[in-house]
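Here is a report on a predicted model.

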Amino acid sequence: MTYQFDFAWLATYWPVFLDGVLMTVRLIVIGGIAGLLLGTFCAWARSLGPVWLRPPVIAYVELIRNTPFLIQLFFIFFGLPAAGFRLTEVEAATLAMVINLGAYSAEIIRAGIEATPKGQFEAGASLALSPVQTFRHVVLVPALQRIWPALASQVVIVMLGSAVVSQIAVEDLTYAANFAQSRTFRAFEAYFVSTAIYLALAILLRFALLQAGRMIFPHAGAAR
Amino acid sequence: MPDRLKLNYYRQGQQMITKRSFLAAVLAAATALSAAPMAMADALESIKEAGILRVAVPQDFPPFGSVGTDMKPQGYDIDMARLIATKLNVDLALVPVTSANRIPFLQTGKVDLVISSMGKNPERDAVIDFSDAYAPFYNGVFGPEELEVADASDLSGKTVGVTRGSIEDLELTKIAPDDATLKRYEDNNGTISAFLSGQVDAIATGNVVAAAIIAQNPPKLPAMKFLIKNSPCYIGFAEGEPALAEAVNKIIAEAKEDGALDEISQQWLGMALPAGL
């Protein structure tokens with residue numbers, strides 16, 4: 001290979017990358033938390049919720065799971081203003097990520113809920129727990145514990161997928177790489193740096209989520 | 001050259017000199033004959049004599065030159081060529097060229113004029129001559145009619161969309177005030193969508209892109225606010241043709257005066273000809 005690596009431009013452009021990393025982290029933290037809450041609600045609605053709530057939830061989940069994320073993002077950012085609903089690019093990106101993660105995590109969490117043995121509901125009832133208490137302590141927590149690794153993977157996938165939000169001028173990590181690349185013409189190095197940062201972010205995020213799982217479910221293994 | 005051949009060459013040397021001198025004499029006579037009319041009758045006269053004006057035009061660069069749905073060439077450059085041919089009272093032959101071969105076409109005499117949205121630069125100026133500017137080509141900031149922006153400092157507090165890495169991105173980054181927000185999109189389509197959906201107050205782009213937006217007749221029309229970089233188009237012709245240059249420049253000046261050029265600009269660029277072109 002005769003290519004000469006040159007990272008001298010990083011001295012000028014590292015603040016752009018730092019801002020980009022912070023934006024990506026901010027998006028996945030807000031999008032991840034809100035998305036998982038939305039997913040939990042949809043999973044409850046679809047498996048245990050009132051019958052009238054099921055069709056709209058099914059429609060939402062299937063609509064999002066069967067369309068590209070980029071199109072969802074463009075729809076929110078470029079399409080909705082025509083209907084008088086204008087969001088900034090960061091709001092639009094966050095909303096798109098919440099909606100996307102909500103739909104995928106709903107299916108993952110539902111799988112966990114539906115794997116709950118019937119006896120567990122009956123055990124909850126026999127302890128005189130209210131339906132809400134039963135759902136929270138007897139159904140949801142063991143369900144989440146069962147599917148936590150799959151959920152963590154989905155959050156990482158959404159974080160990596162957030163690279164496309166640079167298309168609507170959100171100044172995330174991908175934007176930083178594209179920006180530096182278009183100014184310095186050091187494409188190889190710019191994407192080399194962004195690849196390394198994404199890899200580190202993904203590993204860190206997965207580690208943090210698994211650690212969080214250990215804290216939320218201290219009795220790991222007991223439910224199995 | 002291999003030695004054996006070299007030897008042959010030397011041997012025949014004596015004989016070849018006579019042949020050469022004969023050839024040289026013929027060539028000299030031919031040159032003298034052909035040069036004489038060229039020196040007297042210039043390109044303009046030979047165009048009029050032939051009754052046909054051969055013009056190099058683009059075929060893949062709308063709105064300046066492209067092929068219409070009727071498979072005929074159309075665009076600003078084609079209309080300009082038609083105008084000149086009409087004024088010279090000769091027929092028009094359009095020769096489709098690319099931006100890479102348009103100057104060689106002129107240098108080798110395959111065309112009389114290059115009307116191919118060509119900008120002027122020192123390298124080109126060294127090998128061909130240019131007319132006066134005939135078409136506007138610039139980057140600028142465009143916004144809705146009601147947006148009050150007259151120069152870069154007026155962008156303070158505003159959001160401007162631009163295509164990342166473009167000339168206008170690089171230039172605007174230098175001149176925009178600190179509290180102006182530049183939103184950089186992946187390509188022209190992103191920039192256009194951002195403008196049309198109201199995600200940005202204004203966009204920095206080329207007049208050709210603005211013309212493409214106007215051609216779609218959207219609810220929000222981009223109007224020129226201020227210029228970032230100007231590089232108008234010129235007609236090119238072979239060097240040392242003062243009569244042709246004068247005739248072409250006169251036609252351009254008249255067309256600017258009587259509104260013919262303005263009409264072409266309105267049709268293809270959706271805007272009046274900028275003052276001072």
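## Domains of chain B

In chain B, six residues of domain 1 are in contact with five residues of domain 2. The domain 1 side of this contact is made of six nonpolar residues, with no polar and no charged ones. The domain assignment places domain 1 of chain B at 43-137 + 232-269. Domain 2 of chain B covers 138-230. Taken over C-alpha atoms, the centres of these two domains of chain B lie 30 Å apart.

## A sheet in chain B

Chain B has an open sheet of five strands. Their order is 5-1-6-13-7, and the pairing is mixed. Which strands stand at the edges? They are strand 5 (91-97) and strand 7 (129-135) of chain B. Each has a single partner strand, so one side of each is left without a neighbour in the sheet. On average, neighbouring strands of this sheet are turned by 25 degrees against each other, direction ignored.

Strand 1 (residues 52-58) of chain B runs parallel to strand 5 of chain B. Seven bridges join the two. B:Val57 has B:Pro96 of strand 5 of chain B as its bridge partner.

A helix also packs on this sheet: helix 9 (residues 242-258) of chain B. Helix 9 of chain B touches strand 7 and strand 13 (233-237) of chain B. The direction of helix 9 makes about 10 degrees with that of strand 7 of chain B.

## Helices of chain A

Chain A has eight helices and zero strands. Along the sequence, its pattern reads α-α-α-α-α-α-α-α. The C-alpha trace of chain A spans about 70 × 45 × 25 Å along its principal axes.

Two packed helices are described by the angle between their axes and the distance between the axes.

| Helix pair | Angle between axes | Distance between axes |
|---|---|---|
| Helix 6 (residues 131-161) and helix 8 (residues 187-216) of chain A | about 150 degrees | 10 Å |
| Helix 1 (residues 10-47) and helix 4 (residues 89-114) of chain A | about 45 degrees | 6 Å |

Take helix 6 and helix 8 first. They pack at an angle of about 150 degrees. That makes helix 6 of chain A roughly antiparallel to helix 8 of chain A, because angles over 145 degrees count as such. Their crossing is right-handed. Helix 6 of chain A brings A:Trp148, A:Ala152, A:Val155, A:Val156, A:Met159 and A:Leu160 to the contact. Among the residues from helix 8 of chain A are A:Tyr198, A:Leu201, A:Arg206 and A:Gly213. By class, this contact of helix 6 with helix 8 has 12 nonpolar, one polar and one charged residues.

Now helix 1 and helix 4. Their axes make an angle of about 45 degrees. Helix 1 of chain A is therefore oblique to helix 4 of chain A. The crossing of helix 1 and helix 4 of chain A is right-handed. The residues of their contact divide into 14 nonpolar, nine polar and three charged.

## Where the chains touch

How many residues does each chain give to the contact? Chain A gives 10 residues and chain B gives 11 residues. On the chain A side, helix 3 (69-79) and helix 7 (173-184) are the elements that give two or more residues. Helix 7 of chain A has the largest share, three residues. By class, the chain A side has six nonpolar, three polar and one charged.

Key: Residues numbered from 1 in each chain as written. Chains lettered and ligands numbered in written order. Predicted model: local features only at pLDDT ≥ 70, side-chain atom pairs only at ≥ 80, totals over all residues. Contact = placed C-beta atoms within 7 Å. Helix = DSSP H or I, 4+ residues; strand = E, 2+ residues; numbered from the N terminus. Nonpolar A, V, L, I, M, F, W, Y, C, P; charged D, E, K, R; others polar. Axes fitted to C-alpha atoms, helices over the stretch in contact; angles between N-to-C directions. Parallel < 35°, antiparallel > 145°, perpendicular 65-115°, else oblique. Left-handed = near helix turned anticlockwise from the far one by under 90°. Domains from an automatic or database assignment. Pairing = 2+ DSSP bridges.
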